[in-house]
Amino acid sequence: MMEKITTLLTVMQSKNHRWSLVFGLCLLPLLGLVLDILFNQLGSNPIQALHIRLGDWSLRFLGITLAITPIQTITHWRGMADYRKLFGLYSFFYATLHLLAYIAVDNNFMWGLIGTDIIESPYIWFGIITYIIVFLLGITTSNWSKKQLGRNWKKLHRFIYLAGIAGVVHYFWQLKGNLAEPLLYALILFLLLGFRALVEFTRRRLSKMMIPRRFE
């Protein structure tokens, strides 16, 4: 009995160490950005660089979150499921910093200017859609929220794919010049959506095959 308890405690301690390590690694992009700000390494247009890097990492963590299910399905490795919530929350975290940078750094809390910008810049609407979805997913990640929402929790969290699409459109539309990175994100998102559609199609076909036929 004591051996089982010791083994369980060892596993839990190892799991906590891994979680802490992943948690710290997810903060490295922010640390790098802060260092670049301090040492004036953001280039000739630092505000734009700040926007892009924060938005990039929000999209990247969103993509990592979406990639967990395909990885588990292909490899049958369930280890990454423990970090799905963490990656999703980091996507929300970097998206919030991206939004705050737009409001505080770019526009200095000038709400009239922000309102005009929103009206005149359609790409911002896709950013708003993305953030609203990520925000709703972020505040409903707890087990309590899952219990309260019931079946609606799963329906709500499926909107993560819409957030990915809107985020890519937002990124693509605002850039001028090199579009390689948003196109790469679009390709990755297309593959992830395609994989989910294929799995869902296969599941439904298998489900229909298992239903016994009725003969009159």
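Visitor: Which helix does L25 lie in?
Guide: First off, this is a predicted model, where local features need pLDDT of at least 70, side-chain atom pairs count only at pLDDT 80 or more, and totals for chains, interfaces and linings use all residues. Residues are numbered from 1 along each chain as its sequence is written, and side-chain values use heavy atoms, without hydrogens and water. Helices here are DSSP runs (H or I, at least four residues) numbered from the N terminus. L25 sits in helix 1.

Visitor: How does L25 count: buried, partly exposed or exposed?
Guide: Buried is under 20% relative accessible area and exposed over 50%, with a 1.4 Å probe and protein chains only. L25 comes out at 46%, so the label is partly exposed.

Visitor: Which residues lie nearest the centre of the largest pocket?
Guide: A pocket is an open set of points on a 1 Å grid where a 1.4 Å probe fits, with protein on both sides within 12 Å along at least five of seven lines; lining residues have an atom within 4 Å of a point. This one has a volume of about 950 Å³. Helix 3 (46-75) and helix 10 (180-210) are among the helices that each give at least two residues to the lining. Of its 32 lining residues, those nearest the centre are T69, R84, W153, H157 and I160.

Visitor: And which residues lie nearest the centre of the second largest pocket?
Guide: That pocket's volume is about 810 Å³. Helix 5 (111-120) is one of the helices supplying at least two lining residues. There are 34 residues in the lining, and nearest the centre are H98, Y102, Y123, H170 and Q174.

Notes:
Points joined across faces, edges and corners; volume = space filled by probe spheres on them.
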